[in-house]
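Subject: Structure for your review

Dear colleague,

Please find below the structure that I am handing over to you. I would be grateful if you read my notes with the model open beside them.

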Amino acid sequence: METITIKTLKDLPPEENLLPGTAMCAGCGGLLALRHCLKALGDKTIIVNAAGCFTLLSIYPFTPFRNSWLYTAMASAPAGAQGVRDALDILIRKGRISPEENLKVVVLTGDGTAYDMGLSSTSGAIYRNLDFYYICYDNEAYGNTGFQWSPSSPFASKTATTMPGRIIPTGAELSKKNLFEIWRSHKPPYLATISPAHPVDLVNKFKKAEQFKGPKLFISLAPCPPGWGTEPSRSANFAKLAVDTGIWALKEAVYGEIRHTFIPKKFKPVEEYLKEQGRFAHLFKPVRQEETIRKIQEMVDGYWKEARI
Amino acid sequence: MLRVRFHGRGGQGAKVASRVLGTAAFLEGYYAQDFPLYGAERRGAPIAAFTRISKEPVLERGVIAEPDIVIVMDETLLSDPLSSPLAGVREGCVVFINTTHSREEVRAKYKITAQVITLDITKISLDILGRPVLSALAGGVAARLSGLKEDSLSKGVEKETSEIITDRSVIEKNIEAAVHCYNAVESHPHPAPLPSRGTEVPEGEGRKTTVITVPFEPAITSSPAINTTGSTPMRKTGNWRLFRPVWDYEKCTKCMTCVARCPDGCIALNEDGFPYTDYENCKGCMICAEECPVKAITAEREVHSW
Amino acid sequence: MKKEMLTGNSAAAWGVRLAEVDYIPAFPITPQTEIIESLSRWICDGEMDARFVTVDSEHSMITAAGAASATGVRVFTATSSQGLLYGFEMLYTVAGWRVPLVMVNVSRGVSAPITLEADHNDILAARDSGFLQIHCENCQEVLDSVLMAYRLAEDERILLPVFVNMDGFQLSFTREPVEIPEIEDVRRFLPQYQPKHAIFKASQPMAQGIAVLGGPVYSYFKYQMHLANRKGLDVYKEVSKEFERVFGRRYDAVEGYMTDDAEYLLIMTNSFSTLGKAAVKRARESGIKAGLLRLRLIRPFPDDDIKNALKGRKAVSVIDQNISVGKGGILYSEIAGVLYNEKDRPLLLSFIGGLGGKNISPGEFDFIFDSMSKAADTGEVPAPQLLYTEAEWKEMERLKKIAGKM
């Protein structure tokens, strides 16, 4: 089935389903991504949220949403989605609510939850073919607690628990876990990476996902000014640079079949992305860590080589 | 004992300021205690931090309800219902306010009867550090008002900024900025030299409080659920801003980039199709200005021109 | 109405079936598994119109259960010991949502060392979570309590989840004659759940489980849970009266056995209360004015019922089938707290017995009655005592030797 795609920023859905006034940091990349996700999803949704920065989107007695919301816990938001989805199906089937009352069920978690603690409940939900959306806002660390290392933190990044020091000048020694491939191994109907700087691509992916019953999974890069050591004004810019350097590949996988949705005509060197972020500043000052920068470039080149683009 | 309360916005450096003061006092031989009040709020949201300085061991814990010195690092906090920096301010208290206005203007505007001192430390910070990070500067002001020595302040700034900054030149600039503020605050009597008020009663004692019996309310009322929608705009995060985006409709091409890039969804279109922002909630991240392809949006410093 | 030989697990499953539960998220754990096996079979056979889903863990299971309840359906789930602790975080969370879930816990000692048999450290660990707790002595009571639990949980004055507890093996795998009520009678007693406070649907957006900032807001919500739980004491009286009217069986929050003129009382819970009743009977035969008080409702704690039941007794022994390591018997502390301000309070003795399903033999009950009468004579209360026999110690010596100890 072919879905109607949009072409430009002017075609973005005009409705704002996520209102201003939240406690999120100025320039939050995750919030920007979520705003577009909710434009695409509409207001007949329920967000089942896991512990993370976005826990604080709703603080009693305020909510920024036009839709429903349930805060669960860090590990088990997909199980919460299971409960809500099943309950809605039961209520509709038994005639206790009308089918018009149905909601899209959306899990919302950060990378700490998605990449580690929540994997068990997520794997279970995908495997059971639960009809739900999953949005991971990936700021590449445990941001809500002050930016400690998470398995999503990139190689050589500085976090509050991988501070470059005399013995380990690199920052994080491990590479980012490949959540996309972990999820893809379940062969869900729809899986995609998205970026807050590519809202047209983002909205089209949600529109495409809509046709599938079952898990529809999204990972969004989420520039984080306090954690990344960047100016709030640069968040969209860094999200774009991540794509243009090839660090953040925009892609989708339908039942496991991968397709890249945006390939830069000419890849920018990773250095352009790294050098202005506080979390990578140690790679350039006081001494340039040539080897480490080269290794990051090789990792990115290796990815695209394997992708045979 | 001297009780100092700092009010700032997340990211401005209120916590580090309270530590600069605590360390300076400690290095000068006083008993000191400092701590921040962490809400779960983010960069830009109101936060408070506290320092106690005493010649005797400090036998107090928790927030300072009745401060001797209040350091308001962001003037907009004075009208922020989530902050109330003037709470507990009494006669004899010194209130420092970071503002472009004079002390007379501020006293009149906010009806403050206590002593007021003003200085535009945001400007000093932008001049010396190039960024509006006020920790060392507010620490410098507080050190002067607390009667600490300039040398203690310098050491305090060095020690505290070394914990979070690796670049030596930035540390030096922070010391310079702190000392500049220390000396820029007109010398004036701080609230009784250390040690102060020997006859004071500890906070909370002798205060009239009515303890009630909380009545039962059924879950339809008393569950932690919200039955309204879209209510966060009532929180008015617009006062987080240091800079405000201003559109030049002569240059604007209505390309929608700013609308698409605003994380908070503050930007809408007017009837002519030009974008405008909700200044009551715009946090001033300035992504719109950064992303505007024709540079139709400029960042104007948010000075409270009331 | 029919009577059949049912295990405690089957009785629980029958209660769930008769309650016409809509949704059952599940995860297997011994000795609870038979409950979810029965339910899934009935659903597969079309004898129950419910959805059954096996999730990845008890943590997920309780989350799914709470979330479904928050969406507006009637939910059941069950677990035991390690499973309860694995999902522990979610007990507090779901209770905080104020949703009426019913959950059976089949008590089993908590690891380490890992074991299979019953004691109550698992369920009592959850005593502060906000769940109401009903503890059962026999299989009939398990079935009946599940029905009563839904009435309590869904009452608009309460709206909190409820535990029904039974002992692993002693009840879960033990068959007894159980009367299975008629569905029409159950429907009369327990009408369909129709939530007003928590339901997710498109026409009525709602944000649930909201974060709060600041102590006053948190205190308000937490204390309201406490008040609602305490309201359970009054609601329980109404529910048990109605249950008796419909089904003819009566369950008080605390059950007195031969207590009328008793001078010496045992306080017990769950299935071993049966052993305590036998001991009371024997004691009566040898001229001791003995009685037993069984605590059925543990949360809300029936302070007044306990106070009244203990008034004027010479001595009372609490037999805790649990141990708060570093303190002692949990219920002993709670009952002592209830009695402290009473003028006419009895001597209160503490015994720990039945840990990991260890039997409490007639000789051990004799020891308890001896201790009470001695205490009454001297006015001196002995130190808390673990019920453990010389023979058991000798056997333990032998095992240690095999294990290469000493």
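The notes below describe what was found in this structure, which is a predicted model.

The interface of chain A and chain B

Contact between these two chains involves 38 residues of chain B and 45 residues of chain A. Together they bury about 3400 Å², with 57% of that area on carbon and sulfur atoms. Across this interface there are 15 residue pairs in polar contact, both residues being at pLDDT 80 or more. On the side of chain B that touches chain A, the elements giving two or more residues are strand 7 (225-226), helix 8 (257-261) and helix 9 (287-291) of chain B. Helix 8 of chain B provides the largest share, four residues. Sorted by class, this side of chain B has 16 nonpolar, nine polar and 13 charged residues.

Salt bridges

Side chains of opposite charge can pair when their charged atoms come close. The count over all chains comes to 70 salt bridges, and three salt bridges are found across the interface of chain B and chain A. A:Glu231 and B:Arg131 form a salt bridge, their closest N and O atoms being 3.6 Å apart.

Within chain A, A:Lys208 forms a salt bridge with A:Glu252, and the closest N and O atoms are 2.7 Å apart. This pair links distant parts of the chain, as A:Lys208 is in helix 6 (residues 199-209) and A:Glu252 is in strand 7 of chain A, 44 residues apart. A:Lys208 counts as partly exposed because its relative accessibility is 23%, whereas A:Glu252 is buried, with a relative accessible area of 3%.

Strand 7 of chain A (residues 250-254) also runs antiparallel to strand 8 of chain A (residues 257-262), and five bridges join the two. In this pairing, A:Leu250 stands opposite A:Phe262. The hairpin has two residues between the strands, and A:Tyr255 takes a positive phi near 45 degrees there.

A buried tryptophan

A:Trp183 lies in helix 5 (residues 179-184) of chain A. Is this residue, A:Trp183, buried or exposed? A:Trp183 counts as buried because its relative accessibility is 0%. Leaving aside residues up to four places away in sequence, A:Trp183 touches several others, including A:Leu119, A:Ile126, A:Tyr134 and A:Phe218. A:Leu119 and A:Trp183 are 64 residues apart in sequence, and their C-alpha atoms are 9.2 Å apart in space.

Yours sincerely

Key. Residues are numbered from 1 along each chain as its sequence is written. Chains are lettered from A and ligands numbered from 1 in the order in which they are written. Side-chain values use heavy atoms; hydrogens and water are left out. Contact means heavy atoms within 4.5 Å. Buried area is the accessible area (1.4 Å probe) that two parts lose on being put together, summed over both. A salt bridge is a side-chain nitrogen of Lys or Arg within 4 Å of a carboxyl oxygen of Asp or Glu. A polar contact is a pair of N or O atoms within 3.5 Å; within protein, one must be able to donate a hydrogen and the other to accept it, and residues adjacent in sequence count only if both atoms are side-chain atoms. Ala, Val, Leu, Ile, Met, Phe, Trp, Tyr, Cys and Pro count as nonpolar, Asp, Glu, Lys and Arg as charged, and the others, Gly among them, as polar. Two strands pair if DSSP finds at least two bridges between them. Buried means under 20% relative accessible area, exposed over 50%, partly exposed in between (1.4 Å probe, protein chains only).
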